Amino acid sequence: MNYFSTKEDLRVSLCTIAYNEENVLNGLFRDFSEQSYPHDKIEIILIDNASTDNTKAMMQEFANTDYGFESVQIYDSTNKNQATAWNEALMHATGDIIIRVDAHSKIPRHFVAKNVFNINEGEDIVGGGRPNTTDGMTDWKFTLLAAEESLFGSSVADYRRAPGQKIYLDSLFHAAYKREVFEKVGGFNEDLGRTEDNELHYRMRMAGYKFCCCPEIISFQHTRSTLRKMIKQKYGNGYWIGLTTGVCFRCLNYFHFIPFVFVIAVLFSLILWLFGNPTLFAIIAAMYTMFNVVNTVGCLVLKKPKLYFLLLPFIFPILHISYGIGTLVGLVKMPFWRKKLDNTSAQRIEMVKKAIAKNTVKEDDFFF
């Protein structure tokens with residue numbers, strides 16, 4: 001398939017935000033520089049999200065190196081909110097296609113070209129599978145990667161695995177959007193964190209857009225390099241699921257609440273045990289142990305097993321409980337958090353819509 005036989009001469013805005021990502025940016029910038037799509041048709045927009053390490057200096061070094069891109073632009077976002085930083089990128093994007101790429105990621109050489117090709121085939125939003133990878137492979141990092149890649153250890157979202165054929169999903173990772181999509185639905189909801197893409201994609205679906213997952217498109221997300229960072233990530237993901245129920249419950253899926261249900265079931269069964277009835281706890285423990293063992297054996301069979309794989313039966317419940325507790329805390333805080341919300345986020349969503357439509361941004365239009 002010729003990914004360069006484009007029907008239109010489309011310009012691409014390749015957008016990335018980063019907060020303290022000095023350990024991974026060089027790899028991502030190398031991926032950018034090796035893209036096969038014509039560089040003079042790509043503008044790169046980098047947002048430094050109030051980093052305290054060398055992230056911004058690395059961005060500047062990349063911008064000062066001539067890779068033939070139409071432009072490499074660097075902007076600041078000051079409040080560390082992901083949605084705010086993504087909106088900042090959108091308001092500076094002038095391309096016909098806008099592609100979001102997370103800093104903690106890896107994209108193959110033909111990634112941009114394949115996205116443009118499928119947009120030219122008539123799709124409005126395209127993307128592909130998003131498996132995990134890790135940097136500086138060690139036996140321990142390989143074990144954490146195995147836990148993250150397992151359906152049992154992480155999300156069952158369809159986009160995490162490359163499809164065998166073109167399919168339409170509710171959401172995509174590293175999606176490419178026609179500019180008109182943002183003209184119609186606006187930007188990200190800045191009240192949200194971690195779940196800002198869930199809410200945005202919900203609005204896009206409600207506006208009639210479809211998310212096309214193409215088998216030839218693939219990108220990778222770096223797994224957290226330590227168990228501590230994974231626990232923090234899972235807790236944060238669960239926490240924002242809990243808060244998001246108070247803003248847009250319908251943008252969430254059932255699988256987002258499985259760890260929460262598990263934690264509640266364990267707590268309830270422990271209470272029953274304290275009152276002399278251990279039956280429910282025994283049933284839950286037996287069922288969880290069965291799934292735990294089956295998935296651990298699956299990791300041993302499907303991958304080259306390492307000695308650390310023997311720790312997977314302990315890693316899995318740590319990740320599940322972290323996520324579930326995060327959701328529980330988020331749900332408890334949600335009513336109080338919701339009272340503090342104002343209309344600022346709605347205004348920002350409209351600002352992005354207007355900026356995209358005008359194809360220009362004036363600095364004095366911004367507020368934080």
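1. Ala 50 is partly exposed, at a relative accessible area of 22% (buried means under 20%, exposed over 50%, partly exposed in between, with a 1.4 Å probe and protein chains only). Ala 50 sits in the loop between strand 2 (42–48) and helix 2 (55–64), and its phi is near 60°, a positive value in a residue other than glycine. Helices (H or I, at least four residues) and strands (E, at least two) are DSSP runs numbered from the N terminus.

2. This is a predicted model, in which local features need pLDDT of at least 70 and side-chain atom pairs count only at pLDDT 80 or more, while totals for chains, interfaces and linings use all residues. Residues are numbered from 1 along each chain as its sequence is written, and side-chain values use heavy atoms, with hydrogens and water left out.

3. His 174 also has a positive phi, of about 55°, although it is not a glycine; this residue is buried, with a relative accessible area of 3%, and lies in the loop between strand 8 (167–169) and strand 9 (176–178).

4. The whole structure holds 18 aromatic pairs (rings of Phe, Tyr and Trp, the last by its six-membered ring, with centres within 6.5 Å; planes under 30 degrees apart count as stacked, over 60 as edge-to-face and the rest as tilted). The rings of Phe 142 and Phe 309 are stacked, because their centres are 5.7 Å apart and their planes at 15°. Phe 142 belongs to helix 5 (residues 139–149) and Phe 309 to the loop between helix 10 (279–302) and helix 11 (312–339), so the pair ties together parts 167 residues apart in sequence.
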